[in-house]
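Here is a short note to read alongside the model. Please keep the structure open and find each residue as it comes up.

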Amino acid sequence: MKIAVIGLGFVGLSLCSVLASRGIATIGIDSDKKKCSKIAKGVPTFFEPNLENTLKKALRKKLSITNNLSSISCCDFIFVTVGTPQKKNGEIDLSFIKAVVRNVGKLISKNKKKPIILIKSTVIPGTTQNVILPILERNSKKKAGKDFGLISNPEFLQEGGAIQDTIKPHVVILGGYRTKFMKKTEKFFSRFNPNVPIIITNHQTAEMIKYTNNSFLATKISFINQIANICQRIPDTNIDDIAATIGLDPRIGKLFLNAGPGYGGSCLPKDIKAIINLSSKIGVKPTLLTAVEKTNKQQISNIMGLIKQNIGKIKGKKITILGVAFKPDTDDIRDSVGIDLVKRLLRLGAKITIHDPKALENARKIFHNNIKYVKSVPSALNDCQCAIIMTRWKDYERINNQTIKQMAKKIIIDSRRILYGKNLDAKYYAIGLG
């Protein structure tokens, strides 16, 4: 058995690394030659815990990396994991996936193999059935279900836990017709992910499951952030105690109840916008989802309000941002609230210093020489007039009076409540603490 993974971003590189490290012959394919060259040397193009070790193990075993798409001709399974970026109106851009499946169709027209094509890229309901399938059939001059398999297989990887989520996901979704190809795919996943539930449904439902999953997680985050904002106005109220207690209710659950500056990253903001856009197109008013998105956007305004309330006029003030990755254990700054905060403060004339254990180089690509990049927390805080904690990195749990000694004004705004309960010689404000 041989497997191809097309697109070596977060999902694709995690997948092919785990597959090959488990002894499955795998070809990782990406159109970016520089990216392929780095990966082939065992160097991932982004930070993800345990990815580098898994990749190196995979390369020693059964992984080959290429930018040549024709390598799929010998493969039994072809995973498509290319990006579906967002347009300004909230729609997803299908140009990458259309180009890939068009070329895949042309390539499978030339051989007798009957591969199974699995779409892992996030696409709105109806895309596989109405867009991808016709492109494949037209370019291959073959029939889906007879000459090749086509299955929707959405992913649920969390950044910071991608390797473990690939090895043991909470569920495997297979969308498509119940053909011999579906049986073969179910058998593969029952071996690759043993003791994991496998849900077989149609294409549209599989696609909708992904959006529903992420929309619900975003809803939980916006809900707890709304409650946190209320707590801030009630003296001595603690959002963490509230979240921990309601999380014990099995109908609610404890996950995604950490109040903070709002959700970010490559999935939740994009998927919420896409499902709002789709809902409006098909005549369903997305009242709740619109409120979720609006609540999320308001969180940064609340942080800006705390800053202005405590330091007054922002122009010329030295402000340190601790954490710009959208979450810990990643260098991903896509739709990061920390990045958005830096942009807002720069527009108001602040002098910004940032610290982040992993994301400084990605931030540099956005801000260039307009801000200072510092690799140690004490140095980042030196001479600053206000520090704002945006990401729950463990490094910030170690902040104490010695760390903040050289701050020009000891004002700390903690969007994650990391330092709550510490006896700091500073004015301390936190989201969700009354």
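**Notes on the predicted model**

1. Setting aside neighbours within four places in sequence, Ser 14 is in contact with Gly 9, Leu 51, Leu 157, Ala 162, Ile 163 and Thr 166. Ser 14 lies in helix α1, residues 10-21. The model is a predicted one. Is Ser 14 buried or exposed? Ser 14 is buried, because its relative accessible area is 0% and buried means under 20%.

2. Helix α4 covers residues 95-108. Its 14 residues, at 1.5 Å a residue, should span 20 Å, and the C-alpha atoms at its ends are 20 Å apart, so the two values agree. The buried residues in α4 include Ile 97, Val 100, Val 101, Val 104, Gly 105, Leu 107 and Ile 108. These residues take up an arc of only 165 degrees around the axis, and therefore sit on the same side of α4.

3. What covers the buried residues of α4? The cover includes strands β1 (2-6), β4 (77-80) and β5 (116-119), together with helix α5 (127-140).

4. Val 82 belongs to the loop between β4 and α4. Val 82 counts as buried because its relative accessibility is 13%, and the cut-off is under 20%. Not counting residues up to four places away in sequence, Val 82 touches Ile 6, Gly 7, Phe 96, Ile 97, Val 100 and Ser 121. Among these, Ile 97 and Val 100 are also buried residues of α4. From Val 82 to Ala 259 there are 177 residues in sequence and 32 Å in space, C-alpha to C-alpha.

5. In soluble globular proteins, nonpolar side chains tend to be buried together. Here the largest nonpolar core has 56 residues, and those with the most contacts inside it are Ile 307, Ile 319, Ile 321, Leu 341, Leu 345, Ile 354 and Ile 388. Helix α11 (residues 287-311) gives the most to this core, with six residues. A second, separate core has 40 residues, including Ile 27, Cys 75, Ile 119 and Ile 135.

6. Which residues does Ile 388 touch? Leaving out residues up to four places away in sequence, they are Ile 303, Ile 307, Ile 319, Thr 320, Ile 321, Leu 322, Leu 341, Leu 345 and Ile 413.

7. Helix α13 (residues 360-367) has Leu 360, Ala 363 and Phe 367 as its buried residues. Their arc around the axis is only 60 degrees, so they lie on the same side of α13. They pack against α12 (337-347), β10 (351-355) and β11 (372-373). Just after α13, His 368 has a positive phi of about 50 degrees.

Conventions
Residues numbered from 1 in each chain as written. Predicted model: local features only at pLDDT ≥ 70, side-chain atom pairs only at ≥ 80, totals over all residues. Heavy atoms only, no water. Helix = DSSP H or I, 4+ residues; strand = E, 2+ residues; numbered from the N terminus. Expected span 1.5 Å × (residues − 1). Buried < 20%, exposed > 50% of the residue type's maximum accessible area, 1.4 Å probe, protein only. Arc of directions from axis to C-beta. Contact = heavy atoms within 4.5 Å. Core = buried A, V, L, I, M, F, W, Y, C linked by side-chain atoms within 4.5 Å.
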